[in-house]
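Dear colleague,

I am handing over the structure below, and after it I set out what was found. Please read the notes alongside the coordinates.

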Amino acid sequence: MKKIFRILLGSLMLVAATACEDSDEQVGPRYLDVDYANVAGVWRLAEVNGIMQDENPYLYLILNCRADEDRDNLRTFESYDNMNSGLSRHVEGIYNIKAEEDELPVIGGYYDHGIGINLWEHDYYVTELTAERMVWTATDNPDDISVYERCDAVPEEIVKGTRSL
């Protein structure tokens with residue numbers, strides 16, 4: 001009986017000792033570095049300033065990782081949206097990511113409408129980047145927050161029904 005008691009007591013002490021060890025495991029989501037490879041892909045605007053976005057109006061953003069030789073080796077994007085109109089539109093342009101040491105990474109760009117170059121309304125801090133989502137906050141307005149969710153593709157009916165500006 002004493003032998004069983006000692007075994008149980010030893011087992012209990014072993015469990016207690018290992019339960020109290022510090023753990024190097026990260027709690028919460030694992031955020032990715034904000035770089036061209038990690039932001040590349042198809043994204044859907046899911047939330048604007050805390051308001052969830054349904055399927056209509058919509059904005060899909062395709063961020064390309066590979067530099068485009070025809071565009072001075074800059075990164076290109078495409079967007080499909082009907083945010084400011086009942087009509088769908090397809091727009092292309094250039095984007096860049098600036099990541100200064102000890103500062104939040106910033107994404108910015110311009111639209112190429114074929115009639116001139118128009119800068120994005122804001123540059124955006126990119127935070128909380130995971131494989132599934134990222135948060136953009138306007139650098140000049142911390143209350144302007146957009147959440148993008150990764151998706152497989154722009155829905156075919158949107159691509160087919162889009163007119164290019």
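With a disulfide taken as a pair of cysteine sulfur atoms within 2.5 Å, the count comes to 0 disulfides. Cysteine 65 has a relative accessible area of 32% and is therefore partly exposed, and cysteine 151, at 23%, is likewise partly exposed; here buried means under 20% relative accessible area, exposed over 50%, and partly exposed in between, with a 1.4 Å probe and protein chains only.

Please bear in mind that this is a predicted model, in which local features need pLDDT of at least 70 and side-chain atom pairs count only at pLDDT 80 or more, while totals for chains, interfaces and linings use all residues. Residues are numbered from 1 along each chain as its sequence is written, and side-chain values use heavy atoms, with hydrogens and water left out.

As to the overall fold, the protein has 3 helices and 11 strands, these being DSSP runs numbered from the N terminus (helices H or I, at least four residues; strands E, at least two), and along the sequence they follow the pattern α-α-β-β-β-β-β-β-β-β-β-β-α-β. Of the 165 residues in the protein, 32% are buried.

Isoleucine 107, if its neighbours within four places in sequence are left aside, is in contact (heavy atoms within 4.5 Å) with residues including Leu63, Tyr95, Trp120, Val126 and Trp136.

Two loop residues also deserve a look. Threonine 130 lies in the loop between E8 and E9 and, because its relative accessible area is 9%, counts as buried; not counting residues up to four places away in sequence, threonine 130 touches Pro29, Arg30, Tyr31, Leu32, Trp43 and Arg150. Serine 88 is placed in the loop between strand E4 (74-81) and strand E5 (89-98), and serine 88 is buried because its relative accessibility is 12%. The side chain of serine 88 makes a polar contact with the side chain of tyrosine 58 at 2.7 Å, where a polar contact is a pair of N or O atoms within 3.5 Å and, within protein, one must be able to donate a hydrogen and the other to accept it, residues adjacent in sequence counting only if both atoms are side-chain atoms.
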